[in-house]
Amino acid sequence: MSSSDDGTAGSDFDGPQVAVDSVSKTYRSESGPVEALSDISFDVERGAFVSIVGPSGSGKSTCFRIIAGLESATSGEARVDGSPVTGPGPDRGMVFQDDALFPWRTVAGNVRYGLEEVGAPAGTSKRDRVEYCLDLVGLAEKADAYPRELSGGQRQRVGIARALAVDPPILLMDEPFASVDARTKTTLHSELLDIWSETRKTVLFVTHDIEEAVYLSDRVVVLSEGPGTVLDEVTVDIARPRDRTADAFTDVKAEILGYFE
């Protein structure tokens, strides 16, 4: 494990690791401007697990893409460790709903891709880092397999391993489990929390699934229907592992659901 695997090293900035400050986003279309986000603000503390929820069209993925540096805000800004986001960077690992694995590369080759671009973290080799990340997601025995030989859940595990390979302090996840079945999703939830517990990354998780957000998160940012605004930030003060049938769990779930009924 590299020296920054606790997700806390690498910055002397003592403010929130991710800050979204008065961000608005308007797209241009043939029929006129389309406002996706309207003046949203929230922070993500170092080492926290924060989810963004909202109905379709609330701008969840737009917010994700602005923090990832894949899009720019129309007004306001996203900051990482106090510095404005101007583009993608190795400080933010990204996992998408579409795993986007390279079909011509083995599992190990896919995980190694980012390391070929930026090099291995200090104190380790590319080979050791790939082995560590595959072991972390439980796919060490699939290192030489190709994506076509994997299940949907296994493919998403490879995507997570690839995002973690360069040891980013922040993991950004945009509906990564939306396309897997309910049983696989439940397993992936537990595995993701195990990974988060071991690596102490800061996780920002986008989902439309309120139960998923409550199960995973320290805090849930609730966005309105589009254009997205922040309706609330709900703290999930429930000890892990969480029982989805417990009264405390269903109460938080109902509180968030109430914003959309």
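Leaving aside neighbours within four places in sequence, Lys 126 is in contact (heavy atoms within 4.5 Å) with Leu 115, Glu 116 and Ala 120. The model is predicted: local features need pLDDT of at least 70, side-chain atom pairs count only at pLDDT 80 or more, and totals for chains, interfaces and linings use all residues. Residues are numbered from 1 along each chain as its sequence is written, and side-chain values use heavy atoms, with hydrogens and water left out.

Lys 126 belongs to helix α3 (residues 126-136); helices (H or I, at least four residues) and strands (E, at least two) are DSSP runs numbered from the N terminus. Its relative accessible area is 36%, so Lys 126 counts as partly exposed. On this scale buried means under 20% relative accessible area, exposed over 50%, and partly exposed in between (1.4 Å probe, protein chains only). A distance of 9.8 Å separates the C-alpha atoms of Lys 126 and Gly 114, which are 12 residues apart along the chain.

Gly 114 is one of the buried residues of helix α2 (residues 107-118), together with Val 107, Ala 108, Gly 109, Asn 110, Val 111 and Leu 115. The cover over the buried residues of α2 includes α3 and α4. Gly 119 follows α2 and has a positive phi, near 90°.

**Sheet and packed helices**

An open sheet of six strands runs in the order β6-β7-β8-β3-β9-β10, with mixed pairing; two strands pair if DSSP finds at least two bridges between them. The edge strands β6 (92-96) and β10 (230-235) each pair on one side only. From one strand to the next the twist averages 15°. Strands β3 (residues 49-53) and β9 (residues 219-223) pair in the parallel sense over four bridges, and Ser 51 stands opposite Val 220 in β9.

Axes are lines fitted to C-alpha atoms, for helices over the stretch in contact, and angles run from 0 to 180 degrees between N-to-C directions.

| Helix | Strands touched | Angle |
|---|---|---|
| α7 (residues 247-257) | β3, β9, β10 | about 175° with β10 |

**Nonpolar cores**

A nonpolar core is a set of buried Ala, Val, Leu, Ile, Met, Phe, Trp, Tyr and Cys residues joined through side-chain atoms within 4.5 Å. The largest has 48 residues, among which Leu 134, Met 173 and Ile 256 touch the most other members. Helix α4 (residues 152-165) supplies the largest share of this core, six residues. A second, separate core has 23 residues, including Val 20, Val 50, Leu 172 and Val 221. Beyond its neighbours within four places in sequence, Ile 256 is in contact with Val 53, Ile 210, Val 214, Val 220, Val 222 and Val 234.

**Whole chain**

The protein chain has seven helices and 10 strands. Buried residues make up 48% of its 261 residues. Among contacts with a separation of 6 or more, 69% are between residues 24 or more positions apart. The C-alpha trace spans about 45 × 40 × 40 Å along its principal axes. The radius of gyration is 18 Å, which agrees with the value near 18 Å for a compact globule of 261 residues; this radius is taken over C-alpha atoms, and the globule rule is 2.2 Å times the number of residues to the power 0.38.
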